[in-house]
Amino acid sequence: MTIREVREAVRARSAADVCADALARIETLNPQLNAFNTVVADQAMARAEAIDREPDRWRDAPLAGVPIAVKDNLCTRGIRTTASSRMLEHYVPPYDATVVSRLERAGGVIVGKTNCDEFAMGSSNETSAFGPVRNPWALDRIPGGTSGGSAAAVAARLTPMALGSDTGGSIRQPASLCGVVGLKPTYGRVSRYGLIAHASSLDQVGPLTRTVYDAALTLNVLAGSDEADATCAAEPVPDYTAALTGDVRGTRIGIPRALLEQGVDAEVSGAMDAALDVLKARGATLVDVDLPHACFATPVYYLVSTAEASSNLARYDGVRYGFRAKDESLRGMYAKTRARGFGAEVKRRIMLGTYVLSAGYYDAYYLKAQQVRTLVLRDYDRAFADVDVVAMPTSPLPAVRIGERVSDPVQMYLMDVFTVSANLSGLPAISVPCGFTRGPGVSKLGDAASSEGGLPIGLQLMGRRFDEATLLRVADAYERDTEWSTQPPPLISNR
Amino acid sequence: MEPSGYEAVIGLEIHAQLRTASKIFCGCSTAFGAKPNTHVCPVCLGLPGALPVLNRAAVDCAIRAALALGCAVQERSIFARKNYFYPDLPKGYQISQYELPLAVGGMVAAKSDDWAPDYDIRITRIHMEEDAGKLLHDGFGDSDRRSYVDLNRAGTPLIEIVTEPDFRDARHAAGFFGYLRELLVALGVNDGNMEEGSLRCDANVSVRKPGAPLGTKAEIKNLNSFRFLEEAIEYERARQIDVLESGERVVQETRLWDSGAKHTVSMRSKEEAHDYRYFPEPDLPALIVRPERIAAVRATIPELPAVWRRRLVADHQLTPADASMLTHVRPSLGRYFEEAVRAGADAKTAKNWVLGLISAKMNDLGSDDAELLAEKVPAAGLAALLALVDDGAISGSMAKGVFETMFVTGQTAGAVVAAQGLAQIDDESQIVALIADVLAANAGPVADFRGGKTSAFGFLVGKVMKAAAGKANPTRVNELLKRALEA
């Protein structure tokens, strides 16, 4: 069910009924998917019943009675919040993230916390301390990362919406690999207060949903300034659902052809071209755009994000909360706590980031990366002077098998090639389902062939700063002419 | 210059807590002395997901200090993270300012005040930052095995004031630190409480032969009194000269002052120095301070203490020592003094009263704030009292009693004098009648006086004053008694 359908069901039956259904689906499917770290069944039922008791109060609330899954790096008061790390395995925050409060004020019912890569570092959900999430379309494959649990939960119809966070593609890439819609808003559009920081200048919270309409509806609830987040913008918040007119006549869509020449799976390319044809048929104009510095985005991203992460994760020192290892000396306690509390990928990034910021290397790495970041942003500014959105694949390839890439960090990092630019530039971007792979052995890279076929492919659209409305309008128009989002994964349809 | 041919080169780094009600990046109270870990929240505890939001009042406070020290407040400054691990630092980094500080380029001019040397002291920069928490090593049953952390202080706003290495003498450095304390307190920027750590000083010290390039410096940390600062610099100067004279080299290092043993000890060498990995704080946008805001803050700056002192000497012919007493020790009494003078009191008399009786009164009250005094006896009330003395209505010694009554009852001087019937007997016929009675009753002393024993005159004055219950105008009594005896 979509949010709209759930709202109907809540009115026709009850929030408690809808919530019980969601909890039952989670109970049945989560053991296979491992999408949730924590399920708060009793709390969710109590909340749904409370909503049922006050129908007048909640009648017009946009999300009244809608079961919601929240990525486990968003703080929830009284609910364990782990960031999928041993470090915070038993950590219970004393406060709610701003986005969580806003969802609850809109009537949302939080059913649980979704699995993700540890501290949102990874591209496959395999770095989670609590085991990988499995892709509902093929259980031996990754769901993408880092919001893999959120993407899998929505794809498997466990909840109609899940919150994710996106530092380098962590909403869009799993959305693409799981066949759902994932929106990363403009940096500053949505409060980060209560989001466990990975890379502060790149992190942004956003929704994963079945439809573009649901993403727009959720953004209405999430967006807007927050006095607890100094980087959250005061920009006015339009009604994003009102922007979904279906009209893309005259809309100019830019395609960075040069960037797409290498490393993209042939089926992914094909699906994207077909998607662009659909939009063209609706009246959009396709234009080539040049993004000369986009090819540097991945290295720049890994310099900036690791630098910030090395500092953001310093607070996990065993002194005040979280995991603490015993040792006689303070230094020993620090070292053992961090050696045992963090997983390999997190430690790798802390080391990289520490190096990047070190005296003597700062100028060559961090400063240079920030300069190139500015060039990447300028490329987009120039492109957006001519076009309304820029289109490209979300991921260069469909979901790979679990274990296939995680052992080679560089190969893993290259999965982010199309998504990191939006974070570096702060621009909004959305991934919408645009097809499925047909069959085996078609990957150009030769290592991602699907034995089953039928793996989801995502189309990514990037927009102007704070112009989520245009982005959502184009994505919605495309969705109207296709049926990708209505197809359930075999996990459900075979049952 | 030193007899040995060396000169000391000294620069100071002063950390001052800003007197704001709440912390620099959250709404927690900055009050000192609360139960440990009660003034804390997700932000100052460094909980996962918490974000800093800059306190505007702290910025205005810092701007005020910067302007008073002649600094240029930068239109754009940025916060940075200083990364290091320590249990009193909840986030594992301190939010500070690094490359682009709030203010740069100030100066305290040569001879601008009593303490000031005959050379300028340049202020390199003033930047804002957050204070860390405090480790508690003592006072617990298990203090032999454990230390505790109190994070009430974590996130208290600070400014760091950095001077150029312009000082050549430990006394000047200590004088400057004292001046700075007085200035920051006068500005309402800092409470001046050095025991509680509200104001702390580090000194960078090196020695060289005059004209030679700068020598290798040692940084002496946490000098929290004027005396420690002076002693530590003096010790360090001598130590470094000894090192050089014995043919060795001074090592760049951080040292601590041991106030008991009166020497500095090495804390860490340059090689052991932290690499703080500063980078711009991504959680805070650049701090933009527009000229209008600077102008608005500038308008709130009171007259600075040194200027005030010079003005008191010039306007009221006070000695520099008196001016210093009035402005430095108890500035609120200085303001009281000036108000009394504005209300018509004679400056010299008012000064004597304020530094004498009134200061003693404040000592009795155990207060440094003249507000309580002014509530009972406003400065204008003191002026009215002194006017009664001036007019001869009451004597100077009576005035002291009247003041005491004014202080207790809050009545005006006129009301007290009227109510107690204290008005001086000034009327010639009344005094002449009293004298006549006294002369009639004391024939012996009168004969003595007339016989040339002049000391009898004082005896007779005393008798007349006693007969008048002390209320007769003593000058008139003298004059009329003399006339009566010589008649």
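Two residues are in contact when heavy atoms lie within 4.5 Å. By that criterion, 39 residues of chain A and 32 residues of chain B take part in the contact. The model is predicted: local features need pLDDT of at least 70 and side-chain atom pairs count only at pLDDT 80 or more, while totals for chains, interfaces and linings use all residues. Residues are numbered from 1 along each chain as its sequence is written, chains are lettered from A and ligands numbered from 1 in the order in which they are written, and side-chain values use heavy atoms, with hydrogens and water left out.

**Interface**

The size of an interface is often given as the accessible area lost when the parts come together. Buried area is here the accessible area (1.4 Å probe) that two parts lose on being put together, summed over both. Between chain A and chain B it is about 2700 Å², with carbon and sulfur atoms giving 59%. A:Ser311, A:Arg315 and A:Arg320 supply 21% of the area that chain A buries against chain B, more than any other three residues.

One salt bridge (a side-chain nitrogen of Lys or Arg within 4 Å of a carboxyl oxygen of Asp or Glu) is counted between chain A and chain B. It pairs A:Arg192 with B:Asp283, and the closest N and O atoms are 3.0 Å apart.

Secondary-structure elements are DSSP runs numbered from the N terminus (helices, H or I, at least four residues; strands, E, at least two). Helices H10 (297–312), H11 (330–341) and H12 (344–357) of chain A each supply at least two residues of the side of chain A that touches chain B. The largest share, five residues, comes from H10(A).

**Pockets and cavities**

On a 1 Å grid over the protein atoms alone, a cavity is a set of points where a 1.4 Å probe fits but cannot get out; a pocket is an open set with protein on both sides within 12 Å along at least five of seven lines, and lining residues have an atom within 4 Å of a point. Grid points are joined across faces, edges and corners, and a volume is the space filled by probe spheres set on the points.

Four cavities of 30 Å³ or more are counted. Among the residues lining the largest cavity are B:Phe25, B:Cys26, B:Glu130 and B:Asp131.

| Space | Volume |
|---|---|
| Second largest pocket | about 830 Å³ |
| Largest cavity | about 80 Å³ |

The second largest pocket is lined by 21 residues, with A:Arg324, A:Leu330, A:Met333, B:Arg146 and B:Ser147 nearest its centre. H11 of chain A and strand E9 (148–150) of chain B are the elements that give two or more residues to this lining.

**Backbone**

Most residues other than glycine have a negative phi, and most peptide bonds are trans. The peptide bond from A:Gly145 to A:Thr146 is cis, with omega near 15°. A:Thr146 lies in the loop between strand E3 (109–114) and helix H6 (148–155) of chain A. B:Asn222, although not a glycine, has a positive phi of about 55°; this residue is found in strand E12 (residues 218–223) of chain B.
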